[in-house]
Amino acid sequence: MDNFLQQLINGLTLGSIYGLIAIGYTMVYGIIGMVNFAHGDLFMLSAFIALITFMILTQILHLGSLPVAFVVVLIAGMALTGLWNWTIERLAYRPLRGSFRLAPLISAIGMSVFLSNFVQVVQGPRNKPAPQLPNHVFNLTGGAYDVTLSVRQILIVVVTAILLAAFWYVVRYTSLGRAQRACEQDQKMAALLGIDVDATISITFVIGAALAAVAGVMFVIYYGVVNFADGFVPGVKAFTAAVLGGIGSLPGAVLGGLLIGLIEVFWSSYFSTDYKDVAAFMILAITLIFLPSGILGRPEVEKV
Amino acid sequence: MSAPSQTSELAAPVETAAQVVPALRTAAAAALVVFGLCFPIISYRAEANINNELVLGGRWPLSLTITAIVFVFVFLRQMARADWRIWFDRVGSIVAGGMGGALAQAAREGEGTAAPSRARLAFGRYFAPFALGAVILFPLICLGLLGPAGSLKWVNNYGVQILIYVMLGWGLNIVVGLAGLLDLGYVAFYAVGAYSYALLSTTFGLSFWVCLPLAGVLAAMWGIILGFPVLRLRGDYLAIVTLAFGEIIRMVLVNWVALTNGYAGITEIPHVSFFGIPFNDDDNGFAAIFHLPYTPIYRTIFLFYLILALALLTNFVTIRLRRLPIGRAWEALREDEIACRSLGINTTNTKLTAFALGAMFGGFAGSFFAVRQGFVSPESFTFIESATILAIVVLGGMGSQLGVAIAAAVMIGVPELMRELDWLKAIFGENFDPTQYRMLLFGAAMVIMMIWKPRGLVSTRMPSIFLRQRKPVSGDLVKEGHG
C-alpha cells in the first residue's frame, strides 16, 4: 500500500510533464491535422533554454532569490520557446499547408533531426547537470517504507494544474479560443467570417511551445540533467498520450499523459524497469484496437 | 518641356527614401527574431567542469554576427527590385533552411498539373536503363580508376550503402506508396531480418543462402503479426502504432540479453562466400582459385552485386505485382477504401499482403546488412532509420520506383560526401569538424526538399490500366491513402 501511494505520487508528477507536452501535439493536430514530430525536440530545446537562463540569472546577474529566478526562467523559457516554434511554423510548415498529408510530416521529422543536432552542435554532446537546488522532502507515513513527497513534485503538479486551468479558460471562453475552435472545424469558413487563420495557427504553435517549455523547466528540475537526445523518447510518449486520450481533445491529452506516466511508473515498480516503455506502447496498441479513436476522441466519420 | 523629366528625377530618390524606412523596420524585426532565437542557446554555452558543475562560456560575437547577417540580408532584399527578390528568397531558403514560400512557389510555377512535355517523356524513358547500366559498371569503373585499395571506400560507403536504402525504399514503397498505409516502424522488419541471419548463422551454422529466404519469411510473419491488430486503424493512428511496434522490437532486442546479447550485439557473424568459396587469403580462397592477387575489394564487389540483385528483385516483383489483381487492389485501397469494400475487395487480406511483402523485402535487406557488417546491434535500428526510409519514399514521389532510387542516392550519398570535406579545416581552423554538421544539414535538407518538391522528385505515374493510350498522369491526382 505504501509503495502504491509512492508510485501514485511519482506517476502523477511524470504524467504532468507528459500531459503538458501532449497538449502541444493535440492542439496542432486538431487545427491543421499534422503530427508535429519536432515537438519533442522543441521540449528538449526549451529545457536547455531554461537551464542556460537560470545560469545567466545566478552566475552573471547574481540573483539570490530562487522563487524569483524560477518565475523569470519560466516566463523567459515560454517566450523564447514560443518564438522558436513560431519561426519553425513560419519556415517549415506554413509553405506546406494545403499540400498533401505526408509532406508536412516529413518536414517535421526533418525539423526534429535538425533541432536535436543543432543543440548538439551549439551546446556539445555531453549531459548537462543542473545546479543542485534545495529540495525539502516530506515524509508522509514514517513506517518501515517511507512514502515521500518532495517540494519539487508538489511544484510540478501545482504549476501544471494552474497552467492547465488558465489554458482551459483561454480555449473555452476567449475570442482567441473561439477562433481556434472555428479554424479546427472549417478553415475556409472561419476565414470567410473574418478570422485570421494564419495568425490563429501561429498562436496555436506558440501556445503549444509555451506549454512544452513549462514541461522543459519541470524536466530539468525533476531529473536535474538534460542531454541533446532527451527529446525523442518523451516526445514519442507524449504523442502516445495524445493518441491514447483521443487526438484533438485537450482533456484527453492531459488524461493520456497522466495514464502513460502512471503506467510507466507502476510497471517499473511492480515488474521491471527494462520493459517500461514497451508497456506504455503495448497499452497504446491495445487501447487503439478496442477504441480506435482514443478514450475521449470523437470517432472519425467519413462522409462519402 | 523639362518639367516632367525633372519630376521623375526627383521622384526616384524620394521613392528610395520612402523605401528605406519600411525596409529598415522589416530588417530590424527579422534581426530581433533571430536575436531572440540565438539569445540563450547560441550566445552562451554551458559546459560541465571537472566537479560536474555547469559553467557558462560566452559566445556573443557568433550570435551577433548571425543577427547582423540577417539584418543586412533582409534589408537588401527589401531594397532590391521586385524581380530580383525571388533570388534573394531562393538564397535565403537555402541558407536559412526555409523561407520556403518563394521556393515552393517557383517549383509550382515550373510544374503545374498538365502532362509533362515530350522531351521529359523521352528523358524518363531512357534515363532508367542508362542509370542501371551505370550502376552495374560502377564497381568496375571505380576499380579501373582508383585501383583495389582506393575503390574500396567508394564501392562500400557509396555503392553498397546507397543500394541498401534503395532496396529498403522500394520495400517500404509497397506499403506506403502503393497501399497507402503510413508505416513509421519499417526498421523493425529490417532488424528482424538482420537478427534472423545473425542468430541462425551463429547458432546453427546455416549459410547465407539458406538464411536469406528464412529471414524474409520471418520478417513477413512479423509483418502479419504486427499488421493484424492495426487493420482497423487509419492515418496517424496507424503511424503511431507502427512507430510504437518499431520501438518495442528495438527495446526487446536491447533487453532480451540472453537471446540478443543486448547493446553489445552479436559479433562474428560469418561473412558471405562466393557460392561456397570464402573471400580470404587462403589457398582455397576466392583470389587463389581465380589466380588473382588477394585484396578485400572482391568481397565488397560481390556484396555490391548481391545487394543490386536483391534490390532489382524487389523492383521487379513490385512492378509485376502492380499489374496483378493484388497490386490493383492496393492502389484502389489507397485511392478509396470505402469504394474498395463496396466492390467486394477483401481489405483485410489486401492490407496484410502489403504489410507482409513490404516486411519480407525489409527482412532480405536486414539479412544482407548482417552479412555485410558481420555485426548487429540494436543501435542500427533506431527510429531515425525508419524516418530516413520514409523520407526516401516520400521524396522519391510515393510509388515511383525510379524516384525512390534517386532519392536514396541523394539522401544517403550527400551526407556521406560530407565526410570528404576535411579541406574545410584549412578555412575554419583545426577545430572545425565537418562531420558534426552532417546530421544537422540532413535534417535541414529534409525540410528544404519537402518545401521545394512536396510531391517528390518524380511526380508522374504510369497507370497500370488505361484506355487506348498509355500516358503518365501527374502525382497531384494520386491520393495518399487514409490508413
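Predicted model: local features only at pLDDT ≥ 70, side-chain atom pairs only at ≥ 80, totals over all residues.
Q: Got it. So where is Asn261(B) found?
A: In chain B, in the loop that runs between α9 (257-260) and β3 (273-274).

Q: What's its phi, for Asn261(B)?
A: Positive, about 65 degrees, even though Asn261(B) isn't a glycine.

Q: And is Asn261(B) buried, exposed or partly exposed?
A: Partly exposed: 17 other C-beta atoms lie within 10 Å. The buried class starts at 20 and the exposed class stops at 12, so a count in between lands in the partly exposed one.

Q: Now Glu268(B): where is it, and what's the phi?
A: Glu268(B) is in the loop between α9 and β3 of chain B. Its phi is positive at about 55 degrees, and it's not a glycine.

Q: Switching topic: which residues touch the most other members of the largest nonpolar core?
A: Leu51(A), Met167(B) and Ile307(B), out of 224 residues in that core. The top contributor is helix α5 (residues 118-178) of chain B, with 17 residues. Both domain 1 (15-111) and domain 2 (129-477) of chain B put in at least three residues each.

Q: What does Leu51(A) touch, leaving out residues up to four places away in sequence?
A: Lys128(A), Ala130(A), Val220(A) and Val226(A) from chain A, plus Ala46(B) across in chain B.

Q: How many residues are in contact between chain A and chain B?
A: 59 residues of chain A and 58 residues of chain B. On the chain A side, α2 (39-60), α3 (66-93), α4 (102-123), β1 (128-129), α9 and α11 (276-290) each supply at least two residues.

Q: How do α9 of chain A and α8 of chain B pack?
A: Helix α9 (residues 232-245) of chain A and helix α8 (residues 235-255) of chain B pack at about 135 degrees, with axes 11 Å apart. That angle makes α9(A) oblique to α8(B).

Q: Is that crossing of α9(A) and α8(B) left-handed or right-handed?
A: Left-handed.

Q: Which residues meet there, between α9(A) and α8(B)?
A: From α9(A), Val236(A), Phe239(A), Thr240(A) and Val243(A). Facing them from α8(B) are Tyr237(B), Ile240(B), Leu243(B), Ala244(B) and Glu247(B).

Technical notes. Residues numbered from 1 in each chain as written. Chains lettered and ligands numbered in written order. Core = buried A, V, L, I, M, F, W, Y, C linked by C-beta atoms within 7 Å. Helix = DSSP H or I, 4+ residues; strand = E, 2+ residues; numbered from the N terminus. Domains from an automatic or database assignment. Contact = placed C-beta atoms within 7 Å. Axes fitted to C-alpha atoms, helices over the stretch in contact; angles between N-to-C directions. Parallel < 35°, antiparallel > 145°, perpendicular 65-115°, else oblique. Left-handed = near helix turned anticlockwise from the far one by under 90°.
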